[in-house]
Amino acid sequence: MPRKRRDKPDPNFDTRSPGKKRAVPLEENGGEKVPIVTHEKFTKGMLVEVCSDEDGFLGAWFAATIVEAVGNDKFLIEYQSLRTEDNSAFLREEIDTLHIRPNPPETAFEHFSLLQEVDALYNDGWWVGVISKVLSGSRYIVYFRSTYEEIEFQQSELRLHQDWIGGKWVMPSRV
């Protein structure tokens, strides 16, 4: 069971590419480039997904609920599947908005194709992978670039991968 994070997350850390800094969007302001403030409208009780910067969880998204706002661009969230160390309650922690996104829209999908990018439900979170083999019975082998592992999943444990960019859900290109 994952332990509570001890360090404050780095708001510029890009969870999609471990070791890289997240590009901060800029806009022109009288000839000077300044960061664009993108404030999502997260509200109490809203279901969201939260990414982690902790080793072993980079790039994973975990289901959570907004408990309350705790400052400018920070929220207290409660995970829906991660529990405290003593297993007495669901884990709560303060998260900045760069590590929170709304739940992706559900997309009905008949079957996945070879090399299609997917999110796989594994170890209580959604992990980005690629279909490396299509098996019979709605089963798939998914390859995870970050760990060089292949794991078998049922179709019900997979969803189309989508990125939350600029306040919109975007499907990745197959290029």
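Leaving aside neighbours within four places in sequence, Leu-158 is in contact (heavy atoms within 4.5 Å) with Phe-112, Val-118, Asp-119, Ala-120, Trp-126, Ile-131, Tyr-140, Val-142 and Phe-153. The model is a predicted one, in which local features need pLDDT of at least 70 and side-chain atom pairs count only at pLDDT 80 or more, while totals for chains, interfaces and linings use all residues. Residues are numbered from 1 along each chain as its sequence is written, and side-chain values use heavy atoms, with hydrogens and water left out.

**Overall make-up**

- The protein chain has zero helices and 14 strands, where helices (H or I, at least four residues) and strands (E, at least two) are DSSP runs numbered from the N terminus.
- Of the 175 residues in the protein chain, 37% are buried; buried means under 20% relative accessible area, exposed means over 50%, and partly exposed lies in between, with a 1.4 Å probe and protein chains only.
- Among contacts in the protein chain between residues at least 6 apart in sequence, 44% join residues at least 24 apart.

**Strand 3 and its partners**

- Four of the five residues of strand 3 (residues 47-51) are buried, so this strand is largely enclosed by the rest of the structure.
- Strand 3 runs antiparallel to strand 4 (residues 61-71), to which five bridges join it, and strand 3 also pairs with strand 7 (residues 100-102) in the antiparallel sense over three bridges; two strands pair if DSSP finds at least two bridges between them.
- Glu-49 has Ala-63 as its bridge partner in strand 4 and Arg-101 as its bridge partner in strand 7.
- Val-67, which lies in strand 4, is buried with a relative accessible area of 16%, and, not counting residues up to four places away in sequence, Val-67 touches Lys-44, Leu-76, Ile-77, Glu-78 and Arg-92.
- Val-67 and Glu-78 are eleven residues apart in sequence, and their C-alpha atoms are 6.5 Å apart in space.

**The hairpin of strands 5 and 6**

- Strand 5 (residues 74-83) and strand 6 (residues 90-96) run antiparallel and are joined by six bridges.
- In this hairpin, which has six residues between the strands, Asn-87 takes a positive phi near 65 degrees.
- Arg-83 stands opposite Phe-90 in strand 6, and Arg-83 also lies over the face of Phe-90, at 4.5 Å from the ring centre; a charge sits over a ring if NZ of Lys or CZ of Arg is within 6 Å of the ring centre and within 35 degrees of the ring normal.

**Aromatic rings**

- A search of the whole structure finds eight aromatic pairs, where rings of Phe, Tyr and Trp (its six-membered ring) pair if their centres lie within 6.5 Å, with planes under 30 degrees apart counted as stacked, over 60 as edge-to-face and the rest as tilted.
- The rings of Phe-57 and Trp-127 have centres 6.4 Å apart and planes at 35 degrees, so the pair is tilted.
- This pair links distant parts of the chain, with Phe-57 in the loop between strand 3 and strand 4 and Trp-127 in strand 9 (residues 125-134), 70 residues apart.
- Phe-57 is buried at a relative accessible area of 17%, and Trp-127 is buried at 13%.
- Ring pairs link Phe-57, Phe-62, Tyr-79 and Trp-127 into a cluster.
- The charged end of Arg-159 sits over the ring of Trp-126, 4.1 Å from its centre.

**Two loop residues**

- Gln-155, in the loop between strand 11 (149-154) and strand 12 (158-160), is buried with a relative accessible area of 15%.
- Not counting residues up to four places away in sequence, Gln-155 touches Phe-109, Glu-110, His-111, Phe-112, Ser-138 and Tyr-140.
- Phe-109, in the loop between strand 7 and strand 8 (117-122), counts as partly exposed at 34% relative accessibility.
- Leaving aside neighbours within four places in sequence, Phe-109 is in contact with Gln-116, Gln-155 and Leu-160.
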